[in-house]
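Let's walk through the charged side chains of this protein together.

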Amino acid sequence: MTFSATDHAAMAQALALAARGLETTSPNPRVGCILMKDGRIVGEGWHRRAGEPHAEVHALSMAGSAAQGSTAYVTLEPCSHFGRTPPCADALIEAGVSRVVAAMEDPNPLVAGRGLARLRAAGIATQHGLLLQQAQELNIGFVSRMTRGRPWLRLKAASTLDGKTALGNGASQWITGEAARRDGHRWRARACAILTGIGTVREDDPQLTVRAVPCERQPLRIVVDARLEISPRARILHGDPILIVTASEDGPRIRALEADGHQVVVLPNAAGKVDLPRLMQVLAERGLNEIHAEAGLGLNGSLLREHCVDELLLYVAPMLVGDAAQGLFRLPELASLDDARRLRIHDLRSIGDDFRLLARPIPPAEAA
């Protein structure tokens, strides 16, 4: 399947439009649409938030009668089902577009090729796969939730060059510079939820909100607290309600938290701790696409051991603090390097005086 230079340029613009909804579309995917006719753009739009018109509707509204005979470039296959809005495939058919190019098919089982099939049945030429990888990356959490039944979990940490996150006395502010901290808030802003553990709440008393960059909506905050030890004075309990995940069935404590508007989910595993893989399923059932974890070495290690981490977002500062300082992950000692957890570098760049590493665990079958 071949695409022209015009096709590539138009889809790149559609992806740029889709990215404008990076922080606001959840639980829906981020989608952009460009309508082109006679070599010029006659309509464009992007999905802004759930419950509002989809990208195609905005583009068609802008184009008006010029949509007839145009080519629609959409970053995701047009929907074919009734949700909170009517099917976009029908809107494109009614507008008389002659061709639809989708970056990717919709992984949602309610669509999954049906949108493109509906267009073809109406006599509209369709193609898909243009800038596929970029489209998948833009909606990596949505794709994960639809295909794996779990959100995409990105674990963020800041460390020194010798892999330490805090001094032995707990001091950690600030290992990285202002530019890296601001960049970390951008990643918070795009997430559906921010996940931490009771150790971090107890030691750092964080707010876990987006503050360093503009943000239209604050992500849900989640605390993993196996024994339900969270203090009623913890700052994270102030402001918007949070979700607390526990293994405890302490009824009075649960009722007190719920009376303050917070949600408590009890998910014990056989060891009396929180069942983290089950938590990932529960978060997907709640429509959460991307989870941004900021925790201590204990929960970080547990998330890695239980294969809940899809991506590491690591900020590394050019400093050394010695082996007595606190590390990144609590993991068991290995007897052989063959048992090491292998990662693939996805992105590496300088952020101010620090550098940012984006890495993804390599599945054991690939690492062998």
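Lys273, Arg305, Arg330 and Arg341 form a positive surface patch. This is a predicted model, where local features need pLDDT of at least 70, side-chain atom pairs need 80 or more, and totals for chains, interfaces and linings use all residues. Residues are numbered from 1 along each chain as its sequence is written, and side-chain values use heavy atoms, without hydrogens and water.

Q: How many salt bridges does the count come to?
A: A salt bridge is a side-chain nitrogen of Lys or Arg within 4 Å of a carboxyl oxygen of Asp or Glu. By this rule the count comes to 22.

Q: Is aspartate 310 buried or exposed?
A: Aspartate 310 pairs with arginine 148 in a salt bridge, with the closest N and O atoms 3.0 Å apart. Buried means under 20% relative accessible area, exposed over 50%, and partly exposed in between (1.4 Å probe, protein chains only). The relative accessible area of aspartate 310 is 9%, so this residue is buried.

Q: Which residue forms a salt bridge with glutamate 290?
A: Glutamate 290 is buried, at a relative accessible area of 0%. Its closest N and O atoms to the partner are 3.0 Å apart, and that partner is arginine 154.

Note on methods. Patch = residues over 30% accessible without salt bridge, like charges linked within 9 Å, V, L, I, M, F, W, Y side chains within 5 Å. Areas by Shrake-Rupley, 256 points an atom, 1.4 Å probe, with all protein chains shown as cover. Lys, Arg positive; Asp, Glu negative; His and termini not counted. Charge placed at Lys NZ, Arg CZ, Asp CG, Glu CD.
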